[in-house]
Amino acid sequence: MRSIVNGEVSQHVIKLQQLGAKVNVINSTLCYVNFDISGFVLQYVYNVNSKGNYFLERTKPYPLALQEFDTEKDVVILIRKDVEKFKNALKSHHIDLFITIARHLNSTFVNFENTFLDYNLPAADVELILKKIQDIDGDLVRLKDTAKKIY
Amino acid sequence: MEVNHVIIAIGIFLTTYIIIVSEKIDRTVIALVGASMLLLTHVMSQEKAIEFIDFNTIGLLIGMMIIVNILKRTGVFGYLAIKAAKSVKGEPWKIIVVFSIFTALSSALLDNVTTILLIVPITLVIVDTLETNPIPFIIPLVLMSNIGGTATLIGDPPNIMIGSATGLGFMDFLLNLAPVVVIIFIVVIFVFKLMYKNSMSISDEKREDIMALDENLAIKDIILLKKSLVVLGITMFGFIIHQYVHLESASVALIGASLLLLVSNVEPEDVLLEVEWPTIFFFSALFILVGGLEHVGVIEYLAGHMIALTNGDLFWLAILILWGSAIASAFLDNIPFVATMIPLIKSIELMSPVSISPLWWALALGACLGGNGTLVGASGNVIVSGMLEKHGNKLGFFRFMKVGFPIMILTVAISTVYLILFYI
């Protein structure tokens, strides 16, 4: 029931205000988009509101905030491109490995954030992590330069 | 009138009523289906059906919903609630008392459901801060919203409907019902004191957490707040004088609503989206359904029987209406019940040689206070139950009834004495 949901939102607003937040509640529509490509599920969530801001997130096969947009047309274009890329990637023998790596990157980021925010880390160790990520970025640049572009 | 039409109108009305009570299908949907069936079966024409819709009730509801929707955006209710909790230094029993006063007053000026939607969320925040059981805080507020709403024309939908149908104005309701509501409030607070005062102990640390809340953070838009309070004040003044300047109560509410929309700069689409349209359509369909019974002469027939049952004695009619309304409203939705009773009492008025105005007060007191009897007696009760469930607490039918039903009996008994002493 809409009124019960509004009541819950009111509680959140009051609690967040007491934490010092400015809370702006706006009416919007949340859209869930599902594609089933031969058993491989791609899922997106995006929000449409009268303020003209749309945020799009891919939630499956792994969560990734994609972009903010000014019009709903841009949202559809990005989803279409994303789906095409995945359809293409599904032909690859490495698709399972790709999903595993992507999910791993997500969990690694969460792990890094928790470690950094919850512990007092030595600067040298943080720099070591940065160095390792830069190494991975370097590997990706090298791969882009050498592999054949398919999209 | 054809006998067939009488049977069809009664059949459609009873079927719709039973389904509304059973809550198997959404009440607005089934009321609209019932009203449509009256048209489909030619019990009455579309023109006739529209004549039965009380646009004064509909306009008053829409106008007040718009005003409250803009007012709540200012954060003033959060501000007042935090200020009230701090003023009693976070003492649980005193919080219940000040919040009960706040709820009863708000409910007298706004409708019950709106009051509940504004006050219960902030109460749950206070309860979370105190880390205590919300039920002893919430039950008094729900009951007080139904009690406070009884006091005025605009406090509860049954009163809006009665006022619109009879021409009784804001001051009529205030002068005739507010005195008994004040007495009821005091008695019920005393009952709550016996029930709850010694059952709550809160640590000093938690009370300090309440004192640390900053009410000023709750205010979202000070300019909008000032504009809203000015328009609300003008609207309330309009209600006080509406009978003397020959304006319907709906006109006052709609003038206030349009004025606030004009000066507030709030997106009208956002405000109108929050109007409870299912409630508005429910009312419209109910007026048509009851209009169907009236059109075929059933209401007149029932009124005649009611007079025969009581020998036309105003005393017994008033007692019958008061207690009958209270018991019925405890278990049924009081809106369809009152919608049915209004034409019935109007028919009694036509047949009665004496003034029947006490019957309207009996109906208002019975229908409004009866809502406290059970969890399903008033829309606000059901909403609170849903909010508590989302909050992780269950307020079941019997748990509510254990407190609500005795309070309902007590308050209707006080109303009986009041009616006997001053009216019948």
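## A tour of helix packing in chain B

Start by selecting Ile138(B), Val142(B), Ser145(B) and Asn146(B) in α8(B), which meet Gly380(B), Asn381(B), Val384(B) and Leu388(B) in α20(B). Contact here is having C-beta atoms, placed from the backbone, within 7 Å, and helices are DSSP runs (H or I, at least four residues), numbered from the N terminus. This is a predicted model: local features need pLDDT of at least 70, side-chain atom pairs count only at pLDDT 80 or more, and totals for chains, interfaces and linings use all residues. Residues are numbered from 1 along each chain as its sequence is written, and chains are lettered from A and ligands numbered from 1 in the order in which they are written.

By class, the contact of α8(B) with α20(B) has 4 nonpolar, 4 polar and no charged residues. Nonpolar covers Ala, Val, Leu, Ile, Met, Phe, Trp, Tyr, Cys and Pro, charged covers Asp, Glu, Lys and Arg, and the others, Gly among them, are polar.

Now show α8 (135-149) of chain B whole: its axis and that of α20(B) come within 10 Å and cross at roughly 160°. α8(B) is therefore roughly antiparallel to α20(B) (angles over 145 degrees; under 35 is roughly parallel, 65 to 115 roughly perpendicular and the rest oblique). Axes are lines fitted to C-alpha atoms over the stretch in contact, with angles from 0 to 180 degrees between N-to-C directions.

On α7(B), pick Asn112(B), Val113(B), Ile116(B), Leu117(B), Val120(B) and Leu124(B); they meet Ser379(B), Gly380(B), Ile383(B), Val384(B), Met387(B) and His391(B) in α20(B). The residues of this contact divide into 8 nonpolar, 4 polar and no charged.

Next, select the largest nonpolar core, of 140 residues, where Ile119(B), Leu286(B), Val338(B), Leu359(B) and Leu363(B) touch the most other members. A core joins buried Ala, Val, Leu, Ile, Met, Phe, Trp, Tyr and Cys residues through C-beta atoms within 7 Å; buried means 20 or more other C-beta atoms within 10 Å of the residue's own. α7(B) gives the most to this core, 12 residues.

Finally, display both chains: 18 residues of chain B are in contact with 14 of chain A. α7 (112-130), α14 (268-273) and α20 (379-391) of chain B each give two or more residues to the side touching chain A. The largest share, 6 residues, comes from α7(B).

Key:
Contact = placed C-beta atoms within 7 Å. Buried ≥ 20, exposed ≤ 12 C-beta atoms within 10 Å, placed from the backbone.
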